[in-house]
Amino acid sequence: MTTAVACGEAEAMEQLVRPTPEQLAPLSRFERLAFELADFVNSNPMTKSASGLFLRSVGMTWVYYCTRNLVHVLGLDNVRTLRPPRGLVLVSNHRSLFDQYVISCWLYRTTHLLQKIYFPVKAEFWYQRPAGLMLSLVMSGLSMYPPVFREQGKRDFNRYGVRRLVQLLEEHGAVVGVHPEGTRNKGADPYTLLPAQPGIGKLIMDARPTVLPLFINGLGNDFLPQARANFDGTGRPIVIVLGAPLDLEPFFAKRNTLRVQKELADFAVEAIRRVGDREREYRAQLERQPVRGPVLVG
């Protein structure tokens with residue numbers, strides 16, 4: 001590496017968005033340690049490349065073999081020619097702990113979109129327990145970043161998280177996976193979504209990325225039973241539907257206010273719901289005529 005390149009990378013590192021001392025102060029010692037480790041991995045070009053290599057070669061390989069007999073991916077024509085000029089935000093429903101992970105695995109195998117990927121996650125478990133930090137390392141190479149805190153005294157840290165994601169989405173090839181519902185939907189009907197949270201609207205209005213709606217259904221929350229069902233043929237089909245990129249220009253033409261952010265968040269959830277309608281129709285066909293995966297449909 002030349003001196004000029006090294007100096008350029010060092011200068012870029014210095015310009016990275018960082019939380020203020022006031023935003024860091026309420027975090028526990030372990031939360032700060034977990035954040036600093038994940039921040040270092042995701043902010044340093046060399047460590048992020050190593051994380052991506054691990055995710056693609058190890059993490060996504062075992063996900064592929066543990067789901068391939070059940071997976072059906074629809075809507076590939078919506079992304080095969082997609083070349084976002086800036087970052088890409090994947091907005092999906094949230095039924096399982098592994099939704100975005102499985103979606104990302106199959107997007108990587110079937111498209112060119114995934115280069116640098118980030119999953120904002122609730123700090124509970126992932127940044128507050130050693131087991132969560134270790135699982136994030138093993139599953140995603142610490143790509144579950146940045147953390148989102150729900151405790152009242154720590155919510156100011158989330159302002160940093162949005163600013164950091166906006167900065168990341170300035171890069172071509174950056175992909176951020178989010179759930180506009182804000183939390184996992186435990187309702188009996190997978191097609192009835194929770195109300196949208198305005199945070200995703202703020203992120204999109206600030207970053208102005210390409211936004212792709214997705215819907216996933218059929219994935220469980222218990223890893224071992226889910227993997228076993230894939231191999232013995234007893235599992236439900238896991239159907240992933242990719243929608244077309246959203247037309248956001250009508251929102252971008254407005255002032256960036258809280259009201260517009262909420263309208264945009266509602267628009268994203270409605271787009272996910274419409275994509276879910278196609279999943280419902282396809283699943284009904286599978287019930288009449290079961291097909292073993294993997295199935296890839298334009």
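Q: Why is Asp156 called partly exposed?
A: The model is predicted, so local features require pLDDT of at least 70 and side-chain atom pairs count only at pLDDT 80 or more, while totals for chains, interfaces and linings use all residues. Residues are numbered from 1 along each chain as its sequence is written, and side-chain values use heavy atoms, with hydrogens and water left out. Buried means under 20% relative accessible area, exposed over 50%, and partly exposed in between (1.4 Å probe, protein chains only). Asp156 has 32% relative accessibility and therefore counts as partly exposed.

Q: What makes Arg159 exposed?
A: Its relative accessibility is 57%, so Arg159 counts as exposed.

Q: Why is the contact of Arg159 with Asp156 called a salt bridge?
A: A salt bridge is a side-chain nitrogen of Lys or Arg within 4 Å of a carboxyl oxygen of Asp or Glu. The closest N and O atoms of Arg159 and Asp156 are 3.1 Å apart, so the pair qualifies. By this rule the count comes to 16 salt bridges.

Q: How do you know that Asp277 and Arg280 are separated by about one helical turn?
A: Both lie in helix α12 and are 3 residues apart, which means a separation of about one turn. Helices (H or I, at least four residues) are DSSP runs, numbered from the N terminus. Asp277 and Arg280 also form a salt bridge, with the closest N and O atoms 3.7 Å apart.

Q: Why is Arg280 called partly exposed?
A: Arg280 has 42% relative accessibility and so counts as partly exposed.

Notes:
Helices (H or I, at least four residues) and strands (E, at least two) are DSSP runs, numbered from the N terminus.
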